[in-house]
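Hi everyone, thanks for making time for this.

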Amino acid sequence: MFRTAVRNVLAHKARLLMTVLAVMLGVAFVSGTLVFTNTISQAQQSSSAKGFDHVDVAVEPESQPDRGDRLAPPPQLSEALLKKAAQVPGADSAIGSLQGFTALAGKDGKLVGTGFSTQGGNYWGSHDPRHPLETGRAPHGPHEVAIDAKTAERTGYKVGDTVRVSVDGPVLTPKISGIFTTDDGTVAAGGSLTLFDTPTAQRLFHKEGAYDRIDVEAAAGVSQHALQTQLDDVLPKDRASTATARQLADDQAETIASSMDSFRTTLLMFAGIALFVGIFLIANTFTMLVAQRTKELALLRAVGASRKQVTRSVLFEAFVVGTIAAVAGLAVGVGIGAGLRAVMGATGVTLPDGPLVISPGTVAASLAVGILVTMLAAWLPGRRAAKIPPVAAMNSVHATATTKSLVLRNTLGALLTAAGTAVVLYATSMQDMDSAQLPLGLGAVLLVIGIFVLTPLLSRPLIAAAGPLLRAFGVSGKLARLNAVRNPRRTAATSAALMIGLTLITGMTVIAGSSQQAVDKMATSALKADYVVSMANGSSLSPEVEKKLDGADGVTAVSGLRNAPARIANSTEYLTGVNGRTIGDLTDLPLKNGAFTVGGKDVVVDDDTAKEKGWKAGTTFPVTYEDGSKQRLTVAGIYEGNELISGILLDNATLTPHIGDPSDMQVMVKTAGGTSDAAQSGLIKALGDNPAIQVQDKQDISEGIAKTVTLMLNMLYGLLAMAVIVAVLGVVNTLAMSVFERSQEIGMLRAIGLDRRGIKRMVRLESLVISLFGGVLGIGLGVFFGWAGGKLISGSLDTYEMVLPWGRLGLFLALAALVGVLAALWPARRAARLNMLAAIKAE
Amino acid sequence: MTTLHSGVPTATRATAVAARATDLTKVYGQGETQVVALDGVSVDFRQAEFTAIMGPSGSGKSTLMHCMAGLDTVSRGSARIGETELTGLKDKKLTQLRRDKIGFIFQAFNLLPTLSALENITLPMDIAGRKPDKQWVDRVVETVGLSERLKHRPSELSGGQQQRVAVARALASKPEIIFADEPTGNLDSRSGAEVLGFLRNSVRELGQTVVMVTHDPVAAAYADRVVFLADGRIVDDMTAPTADKVLERMLRLSGGSPQTPGSDAKGRTS
């Protein structure tokens with residue numbers, strides 16, 4: 001039997017080509033994901049482990065809980081602790097380390113790297129073992145910095161150059177005193193590292209006389225563990241915690257692994273979708289192969305093969321196909337894994353170097369996935385093959401596969417569809433978004449399966465609806481329409497593959513588009529300010545920035561948004577400090593009751609907080625600030641909060657004296673003439689052309705939001721593209737097989753006078769009809785899911801309203817049509833080139 | 001060259017030539033594997049005449065039909081339908097010619113399973129984008145006795161009925177000539193006789209020209225004239241054939257062992 005199976009695979013090479021391709025793509029996706037993520041995570045782990053080369057035990061500040069009406073002091077390590085740590089008998093040396101966002105401008109004045117990977121820190125003494133100097137010397141005093149060698153190479157800076165640097169707003173112009181090499185992971189991954197001398201770093205990072213971490217190196221012969229025990233004995237437990245370098249490396253490895261895990265899971269989910277879509281294609285192929293071989297299989301039965309043997313021979317065939325495809329897929333996947341890193345490198349995302357990791361797990365998983373998926377998909381056709389009676393071998397009449405009644409299938413489909421719809425509707429009626437997710441997902445899966453089961457039934461009316469259009473193409477159009485509904489199951493499986501891809505694409509587009517508009521509306525509708533000034537990476541701004549903006553030409557109103565924790569009734573709340581005089585001019589927050597008065601002890605509170613606390617206009621409440629001082633504040637008014645501004649708003653004049661290190665999340669600015677290029681560049685200039693600071697008007701903010709959404713959508717499209725490609729292969733597969741099956745008919749049509757163009761058109765139109773059918777179903781389902789998902793989102797996003805992106809939907813339909821046309825290219829050519837005589841003679 | 005036994009006209013209407021082969025040669029393959037299927041065949045098919053082409057397996061009878069009907073290309077010589085020379089015609093022109101001037105009946109019926117009987121009958125006109133002549137179609141349908149079954153799909157018809165649909169399809173577009181390739185090969189003798197009767201009637205009553213390839217002497221006896229092929233050459237031309245005369249001629253051709261009717265229903269063509 002096995003030899004027969006292998007022979008069959010070899011004999012049907014061409015017909016199995018699409019199947020192999022589909023499985024191969026799915027497996028390549030899986031193995032590519034595994035290779036890529038394993039490679040990256042190993043490289044990151046090794047680079048982060050290197051970062052601990054000069055540490056044996058790290059001391060980190062212990063954060064303390066807020067108690068009663070007192071806020072805990074911010075966790076930090078004092079100079080005294082450093083001294084204590086250095087004097088422990090097992091310690092050789094101790095280094096205090098500081099870290100923070102530090103923007104460095106390149107020679108073109110623009111920020112080097114992305115906002116999140118431009119780091120700064122302190123250079124310890126004159127020979128910091130963590131950062132060996134390549135050229136120059138250690139930075140000394142407030143006007144010197146050292147930069148890492150990779151950044152120096154990238155920007156062309158040399159020792160002695162003056163650079164523009166910014167930590168929290170004001171632009172500094174220090175000289176480069178030295179260039180160092182580093183093992184820092186961020187730098188290896190394409191970031192920049194700018195180091196100041198320790199006092200300067202402490203001042204800039206607002207850690208006067210304190211450190212973020214103390215790295216202790218053990219004296220010769222002292223183990224990490226012994227050193228840790230000694231340190232634990234000396235250091236106050238409530239303020240400092242210790243960890244050995246090994247523990248830190250392990251922790252970091254775990255963090256990296258877990259963050260990679262979620263990335264990998266996401267990618268694998270999309271690979272799963274592609275494979276799932278591939279199942280339809282594989283099942284179609286084997287169904288057709290079995291139908292074509294009815295006589296042969298019946299003969300096997302007639303000469304004594306058991307049903308089980310017949311099923312097994314089909315499954316073994318699937319096994320052979322799956323193995324070939326999985327091996328090819330694995331090879332392609334390794335290529336993708338390697339290529340992806342190069343591509344990401346080329347687009348500016350630098351990833352740490354390291355060898356390509358092809359683990360045995362990757363190999364096993366890829367092969368297993370490819371083989372199992374193929375065999376699973378071939379299982380039903382295999383069982384059908386076993387049901388062929390031996391007598392079919394004797395029938396001279398061409399035994400066409402009996403079309404089983406669709407009654408059972410339609411009933412099942414209707415039930416599933418109804419159940420799925422009901423569950424989805426139930427989910428949308430739920431208040432709690434988190435608990436609604438499960439029923440929504442479940443309902444969506446039921447509904448998609450239900451619709452798939454119903455596709456044979458739906459295909460007739462929907463494809464008949466295309467009749468008038470097809471009539472324009474004469475006899476080719478008519479035959480195309482009839483051929484498309486000829487084998488409803490096959491058409492269903494073919495178009496379902498496309499349907500699934502388009503459902504996901506449409507659903508995500510609808511939700512993303514609507515969310516974008518909602519967020520945009522929220523971010524900008526309450527905003528009366530002309531400009532919002534913020535840090536490129538979202539970190540906070542020095543109060544200097546607000547002052548500078550206030551003094552700039554044409555500026556009429558300025559307010560920083562200053563966050564500070566405080567204790568109110570034994571819980572920690574974040575207060576938002578604003579400029580009480582100007583906030584009314586800069587924002588347009590709908591007032592629910594009371595007056596919008598912010599100043600002195602008068603504050604305004606958003607409706608959610610007021611409801612939670614049971615406050616009304618006129619309520620007074622006690623607050624304990626960071627510095628321990630207490631005050632009673634009065635609720636002057638209650639406003640409708642939004643994503644941008646919410647919570648308790650009080651005057652900066654009231655708040656600032658109580659916070660040690662005031663800084664603004666952002667600064668809102670109103671200018672005399674409204675927004676203009678001149679006003680914007682005026683503000684930028686007033687801030688000293690700071691590369692780290694963004695000055696955005698409403699439109700910039702909208703564009704920023706749109707850009708984020710577009711980026712996310714494009715990534716999703718890219719990931720779903722694989723599923724669409726597999727669907728295209730499915731259409732090609734179905735058409736090629738149909739053409740093969742109908743070669744006699746096509747020969748006859750050619751003989752009685754349908755020219756090659758007519759034949760091609762017939763195949764193309766059939767392909768178009770099948771693809772558009774899948775497209776219409778997919779887009780319809782996608783819009784429904786988009787609506788249902790939106791219902792959930794609107795629970796937490798008030799401004800959410802479903803927006804149907806008609807242009808996009810039209811584009812998707814056009815995409816489905818394009819899929820149809822492209823998929824038909826090869827089968828149509830084959831059909832037109834068919835040897836007429838052979839086709840007529842064939843029986 | 002006309003025919004070997006230059007014709008005693010069997011039908012008084014038969015004057016013009018509907019199709020003519022002149023020195024027709026068809027060679028398959030090259031070098032050592034070269035097979036000469038037709039070796040300088042010259043023959044006329046007269047209008048309103050029912051001609052049967054007979055010959056043992058491999059004699060070239062099907063090849064002759066395919067070449068004459070524009071289904072296959074010719075290696076040498078000429079094939080004409082009416083005034084149109086087929087050799088050298090491009091695929092597009094050939095297709096048009098088949099569509100407009102030739103009707104086909106195949107052994108395996110070759111109907112489209114998705115179309116009803118009537119739609120199958122008018123298919124050639126649909127392809128041409130012509131409106132079928134309703135009166136004519138009605139008459140043809142009536143002649144072949146399908147009036148009651150026009151809405152049925154081929155799968156709902158018996159073999160004989162299916163072949164009658166095929167005959168009606170060939171007749172409906174009023175072609176200049178109908179080529180029938182073993183039209184009774186897949187039918188029982190009664191249905192076969194019916195179909196042959198229709199073909200003869202279409203010649204007698206409608207003035208249709210029919211050329212039929214067959215290996216069945218009984219089927220050949222329905223024709224006005226039988227052309228015998230052996231080894232790619234015409235070896236005899238018989239008018240007013242009877243089954244016995246044809247069988248006897250066949251026996252001589254194949255050296256004493258004729259193919260008995262129906263013994264080799266498949267794969268008998270050259």
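This is a predicted model: local features need pLDDT of at least 70, side-chain atom pairs count only at pLDDT 80 or more; totals for chains, interfaces and linings use all residues.

To get your bearings, A:Ala466 sits in the loop between helix 13 and helix 14 of chain A, and helix 14 covers 467-471. Now count the neighbours: there are 19 C-beta neighbours inside 10 Å. Being buried takes 20 or more, so A:Ala466 counts as partly exposed.

And what does A:Ala466 touch, if we skip residues up to four places away in sequence? The answer is A:Arg481 and A:Val769.

Okay, let's zoom out to chain A. It has 843 residues, and 48% of them are buried. You'll find 26 helices and 25 strands in chain A. Along its principal axes, the C-alpha trace of chain A spans about 100 × 70 × 50 Å. Here's another number for chain A: take the contacts with a separation of 6 or more, and 83% of them are between residues 24 or more positions apart.

Back to helix 13 of chain A, residues 433-465. How does it pack with helix 12, residues 407-429? The angle is about 155°, and the axes are 7 Å apart. That makes helix 12 of chain A roughly antiparallel to helix 13 of chain A. Their crossing is left-handed, and the contact has 21 nonpolar, 7 polar and 1 charged residues.

Helix 13 of chain A also packs with helix 16 of chain A, residues 488-525. Here the angle is about 135° and the axes are 9 Å apart, so helix 13 and helix 16 of chain A are oblique to each other. This crossing is right-handed. If you'd like to find the contact on screen, look in helix 13 for residues including A:Phe452 and A:Pro456, which belong to the group that meets residues of helix 16, among them A:Ala492 and A:Ile500. By class, this contact divides into 7 nonpolar, 5 polar and 1 charged.

Now over to chain B. Which order do the strands of its open sheet follow? There are 6 strands, in the order 6-7-8-3-9-10, and the pairing is mixed. Strand 6 (102-105) and strand 10 (233-239) of chain B are the edge strands, so to speak: each pairs on one side only. Neighbouring strands of this sheet are turned by 20° against each other on average, ignoring direction.

Let's look inside that sheet. Strand 3 (residues 50-54) and strand 8 (residues 210-213) of chain B run parallel and are joined by 4 bridges. In one of them, B:Phe50 has B:Val210 in strand 8 as its bridge partner. Helix 7 of chain B, residues 189-206, packs on the sheet and touches strand 3, strand 7 and strand 8.

Last stop: where the chains meet. In this contact, 24 residues of chain B touch 20 residues of chain A. Helix 2 (91-101) and helix 4 (123-128) of chain B each supply at least two residues on the chain B side, and helix 2 gives the most, with 6 residues. That side of chain B divides into 10 nonpolar, 7 polar and 7 charged residues.

Notes
Residues are numbered from 1 along each chain as its sequence is written. Chains are lettered from A and ligands numbered from 1 in the order in which they are written. Two strands pair if DSSP finds at least two bridges between them. Axes are lines fitted to C-alpha atoms, for helices over the stretch in contact, and angles run from 0 to 180 degrees between N-to-C directions. Two residues are in contact if their C-beta atoms, placed from the backbone, lie within 7 Å. Ala, Val, Leu, Ile, Met, Phe, Trp, Tyr, Cys and Pro count as nonpolar, Asp, Glu, Lys and Arg as charged, and the others, Gly among them, as polar. Angles under 35 degrees count as roughly parallel, over 145 as roughly antiparallel, 65 to 115 as roughly perpendicular and the rest as oblique. A crossing is left-handed if the near helix is turned anticlockwise from the far one by less than a right angle, and right-handed if clockwise. A residue is buried if 20 or more other C-beta atoms lie within 10 Å of its own, exposed if 12 or fewer, and partly exposed in between; C-beta atoms are placed from the backbone.
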